Amino acid sequence: MRGWKSALEGNSNRHFLQCDTQSPFEKAFGLVRSRLRLAWLCCAALATLVSARAETAPQPDLALAKAASKKEFQQKITPFLNAYCTECHGDKKQKGGMTFRSALKNPGAASFRKQWKQSVATVKAHDMPPEDAKNQPTPEERQVFLEWVSSMKYLSPKDPGLFVIRRLNKAEYSNTLRDFLGAEPTLAGDLPEEVFGAGYLNSLSPLLMEQYLAIANEVLDRVLAPEGSPPTALQKRLFGEPPPSAEGLRERARGVARSLARRAYRRPVAAPEMDVLMGVFDLAAANGRSYSASLRLVLKAILVSPQFLFITPDGAPEPGIAMVAIDDYQLASRLSYLLWATMPDAELAALADAGKLHEPEVLSAQVRRLLGDPRSRALFDGFGAQWLGLGKLAGKTFDEKKFPQMNAPMRSAMYDEARLLFESILRENSSIERLIDCDYTFLNGTLASIYGLEGEVAGPEMRRVQLKNPNRGGILGMPGVLATTSFPNRTSPVNRGVWVLEQVLGQHVPPAPPNVPSLEKQDKTKVATLTMRQRTELHRTNPVCANCHKILDPIGFGLENFDAIGRWREQDEGGGAIDAAGELPGEKRFSSPVELKKIIAGRTADFSRNLTEKLLAYALCRQLEGYDEIVVDGLTEAIAKDGYRMQMLVMQVVTSYPFLNRRVEEEKEGSNGKKLAN
């Protein structure tokens, strides 16, 4: 927890809880702010826990796999690395910043996972060892190395991973204010955009704190009546009817504060937290504020509290426990923010209070309920758009002279097309294969012009349209995706090839070597009459580039019939005929986008695993590592048995071991005798 605490302790709290106007009361009010923050820092340790011991003994088959992986590493992989790799990536030399020195000692460490994946990509592409190296591995040796890296996961112990403490992102914060207080999402429009999925930011700068404070003030101004005016309907629901007398006033305020904080904190309120909130109420009352004005300040304190702004773990378990199940309140929040990007609703909260949400039948029913609600579009906005790369579409630059169509309405329609297809497959519980190849899409009059269907579809409303052109249908022929993977003024077969390999098939593509000139730097007089394919193939004559590009380029060539914004064409910009023919490993030949699409759709197992990995990482807000790969093995097997249906994918992620459990941070004693988080 140390990083989480210091992220906030290091920030100025000078205006942590300002009131609406400056007065002696506002100055006195600052006395309670340190208590508010202190209560937050200790609330996790004092909250009521519902935890369970996780299994620690490995299953027999996993133990055997671990032993086999260790043996093969010692007998085959270590000699392979010493023979072909460590001369340039060892103790003396570390070319490209890579060394196997530590990985040889502890190959299963999570910190080396990225290094092993990168090694697989370069060895598979024959980029490493380089062509001028004295020794080259045989094809059999390469294959042994590649297969061992895929079994390296068995070296990892059973571990659900740490709970990622994170601040609500902009969309989650806006939606939570809407569902809690009926606030308009636009009130949070000035907040910075966050990165979805793995690696949420958990910092809270003074400037950001000021923004949260300003938003809280504006929200309360809109939803609560001015002092002396009749209360609004929402105010009556939040605070109850104004008390007729001062008798029992404080106890009544305590009940209101507890109810407000229970919803905002998404769990029961700890005693120290209640003490802080009642300290706010007492200080306000002592300075002559009315009952409703004092409660307004309590609500304001809640809205700027870390308990509201952050998603945190559920507290400290019993000493000696390494893995625990997250409690029902954390599960409710994890589920709600994954599928709705907002706080748990009344039904989820009630199930958490009753301790029933962990029951398999109950949890499955809640997943289906949440997916059936319109708010589940948040799964695409948060996960789907990031996966497809469409989050960049609104701000992407295009050549205005070449592509004047790429205005705001067009970009919005492109985004909505992908969202509506994703949602239709999810709601209809269809196979994820339809994301690759389907016979319908969603268009309005604006987007129909890209499809050449402007005579059939008119108006701004998006609607489901049956497609007659088999080259269309699915994400590979979707204008938004094609535009995102293009350059501002032309297509990019390389970008499109990388996108298909990484985002669809889950393969790691090594980064381009340094000092390789781009197509724009080719001699323009020599390439003036060449097509994009011919220019790219000329670029590929560089032996440093050839190994990767012989895999990347054919995929991109197969999509060259689509221009930079996704319009169909038979000729490229220079007037040359489009040649969409190519071949993928395994003698899979194609000559058009539809044939390429069929080949990709035939690799459903690879697509399913990739999508499962990406959704699980998004749900956990962290990168996958070690034991997570074993978890993914089980999830993809279950998904395949169910016909790769979309809802099963979501269900498997939500009921997975790392989603329902967490590793407890170990504390070590520092040189000063204080406990430090590991």
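# A tour from helix pair to buried loops

Begin by selecting helices H16 and H17, which are roughly antiparallel to each other; angles over 145 degrees count as roughly antiparallel, those under 35 as roughly parallel, those from 65 to 115 as roughly perpendicular, and the rest as oblique. The model is predicted, so local features need a pLDDT of at least 70 and side-chain atom pairs count only at pLDDT 80 or more, while totals for chains, interfaces and linings use all residues. Residues are numbered from 1 along each chain as its sequence is written, and side-chain values use heavy atoms, with hydrogens and water left out.

**The opening pair, H16 and H17**

H16 covers residues 346-354 and H17 covers residues 360-371, and their axes come within 12 Å and cross at roughly 170 degrees. Here an axis is a line fitted to C-alpha atoms, for helices over the stretch in contact, and the angle, from 0 to 180 degrees, is taken between N-to-C directions. Helices (H or I, at least four residues) and strands (E, at least two) are DSSP runs, numbered from the N terminus. Now show the side chains of Glu-347, Leu-348 and Leu-351 in H16, together with Val-362, Gln-366, Arg-369 and Leu-370 in H17, since these residues make the contact, where contact means heavy atoms within 4.5 Å. Sorted by class, this contact of H16 with H17 has 4 nonpolar, 1 polar and 2 charged residues; Ala, Val, Leu, Ile, Met, Phe, Trp, Tyr, Cys and Pro count as nonpolar, Asp, Glu, Lys and Arg as charged, and the others, Gly among them, as polar.

Next select H22 (residues 493-504) and H27 (residues 604-620), which pack at an angle of about 75 degrees with their axes 8 Å apart. That angle makes H22 roughly perpendicular to H27. On the H22 side look for Glu-502, Gln-503 and Val-504, which meet Asp-606, Phe-607, Asn-610 and Lys-614 in H27. The residues of this contact of H22 with H27 divide into 2 nonpolar, 2 polar and 3 charged.

Buried means under 20% relative accessible area, exposed means over 50%, and partly exposed lies in between (1.4 Å probe, protein chains only). In a regular strand the side chains alternate between the two faces of the sheet. Across from Phe-442 you will find Arg-464 in S5.

**Lys-153, in a loop**

Select Lys-153 in the loop between helix H7 (139-151) and strand S1 (166-167). Is Lys-153 buried or exposed? Lys-153 counts as buried, because its relative accessibility is 11%. Leaving aside neighbours within four places in sequence, Lys-153 is in contact with Arg-609, Gly-626, Glu-629, Ile-630 and Asp-633.

Arg-266 lies in the loop between helix H11 (249-265) and helix H12 (271-286) and is buried, with a relative accessible area of 6%. Although Arg-266 is not a glycine, its phi is positive, at about 65 degrees. Most residues other than glycine have a negative phi. Step back into helix H11 to find Ala-257, which is buried with a relative accessible area of 1%. Not counting residues up to four places away in sequence, Ala-257 touches Met-274, Leu-277, Met-278, Val-298 and Ile-302.

**Tyr-644 and H29**

Another positive phi, of about 60 degrees, belongs to Tyr-644, which is not a glycine. Tyr-644 sits in the loop between helix H28 (627-641) and helix H29 (646-654) and, at 17% relative accessibility, counts as buried. Then select H29 itself, which is mostly covered, with 8 of its 9 residues buried, among them Met-646, Leu-649 and Val-653.

Cys-85 is buried at 13% relative accessibility, whereas Cys-88 is partly exposed at 24%, and the structure holds 0 disulfides. Finally, show the whole protein, which has 30 helices and 10 strands, and in which 53% of the 678 residues count as buried.

Definitions and conventions. Pairing = 2+ DSSP bridges. Disulfide = S-S within 2.5 Å.
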